[in-house]
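These are notes for a colleague who is going through the model. They are set out as numbered points.

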Amino acid sequence: MNPLLKYISKPITLSEEMEDDILAAIKKRQLAKNDHLISQSQGSVTSTFFITKGMMRSYFIDEKGKEHTLDFAKEFGWITDYIGLYSESTARLNVECEKD
């Protein structure tokens, strides 16, 4: 079973039609260590990401060039720039693959 469907199916029962709709809506991406899903100032954030393997980190770089880590997401976790996503604004965070 698809890892996302398995995750969603824990608290609720999905019909076959719902599973098909979810699978049609998702895009699978495979990243290597240090690859970025989101880059600060890239433009609007339109997606959230479910991690099936590895670990991701969200961070920003301040005006002095210093990195500030805000979050880590491991397998079966979610990550994005939530402020950018919900405000439909430019990305404020970087989301990077820490472990592939």
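1. Which residue is the bridge partner of isoleucine 61 in strand 4? The bridge partner of isoleucine 61 is glutamate 67. Helices (H or I, at least four residues) and strands (E, at least two) are DSSP runs, numbered from the N terminus.

2. Basis of the values. This is a predicted model, in which local features need pLDDT of at least 70 and side-chain atom pairs count only at pLDDT 80 or more, while totals for chains, interfaces and linings use all residues. Residues are numbered from 1 along each chain as its sequence is written, and side-chain values use heavy atoms, with hydrogens and water left out.

3. Confidence. The protein has a mean pLDDT (the predictor's confidence in each residue, from 0 to 100) of 94. A pLDDT of 70 or more is reached by 100% of the residues. Among the elements, the lowest mean, 92, belongs to helix 3 (residues 82-87), and the highest, 97, to strand 3 (residues 55-61).

4. Strand pairing. Two strands count as paired if DSSP finds at least two bridges between them. Strand 3 and strand 4 (residues 67-74) are antiparallel and are joined by seven bridges. Strand 3 also pairs with strand 6 in the antiparallel sense, over five bridges. Strand 1 (residues 36-38) is joined to strand 6 by two bridges, and these two strands run antiparallel as well.

5. The hairpin. Five residues lie between the strands in the hairpin of strand 3 and strand 4. Glycine 65 in this hairpin takes a positive phi near 90 degrees.

6. Serine 58. This residue belongs to strand 3. Serine 58 stands opposite aspartate 71 in strand 4, and it also stands opposite valine 95 in strand 6. Is serine 58 buried or exposed? Its relative accessibility is 2%, so it counts as buried; the term means under 20% relative accessible area, with exposed over 50% and partly exposed in between (1.4 Å probe, protein chains only). Leaving aside neighbours within four places in sequence, serine 58 is in contact (heavy atoms within 4.5 Å) with His68, Thr69, Leu70, Asp71, Ile79, Leu93, Asn94 and Val95.

7. Glutamate 96. Strand 6 (residues 94-99) holds glutamate 96, which is the bridge partner of histidine 36. Glutamate 96 counts as buried because its relative accessibility is 8%. Not counting residues up to four places away in sequence, glutamate 96 touches Asn34, Asp35, His36, Met55, Met56, Arg57 and Tyr59.

8. Tyrosine 59. Opposite tyrosine 59 stands asparagine 94 in strand 6. Arginine 57 lies over the face of tyrosine 59, at 3.9 Å from the ring centre. The rule for a charge over a ring is that NZ of Lys or CZ of Arg is within 6 Å of the ring centre and within 35 degrees of the ring normal.

9. Aromatic pairs. Rings of Phe, Tyr and Trp (its six-membered ring) pair if their centres lie within 6.5 Å; planes under 30 degrees apart count as stacked, over 60 as edge-to-face and the rest as tilted. By this rule there are five aromatic pairs. Why is the pair of phenylalanine 50 and tryptophan 78 called tilted? The ring centres of phenylalanine 50 and tryptophan 78 are 5.0 Å apart and the planes are at 55 degrees, so the pair is tilted. This pair links distant parts of the chain, 28 residues apart, with phenylalanine 50 in strand 2 (residues 49-50) and tryptophan 78 in strand 5 (residues 78-79). Phenylalanine 50 is buried at a relative accessible area of 16%, whereas tryptophan 78 is partly exposed at 34%.

10. The tyrosine pair in helix 3. Tyrosine 82 and tyrosine 86 form a stacked pair, 6.3 Å centre to centre with 15 degrees between the planes. Both lie in helix 3, four residues apart, about one turn of the helix. Tyrosine 82 is partly exposed, with a relative accessible area of 33%, and tyrosine 86 counts as exposed at 66% relative accessibility.

11. Ring cluster. Ring pairs link Tyr7, Phe50, Phe76 and Trp78 into a cluster.

12. Isoleucine 22. Helix 2 (residues 16-25) contains isoleucine 22. With neighbours within four places in sequence left aside, isoleucine 22 is in contact with Leu4, Leu5, Ile8 and Leu14. The C-alpha atoms of isoleucine 22 and serine 89 are separated by 25 Å, and the two residues are 67 residues apart along the chain.
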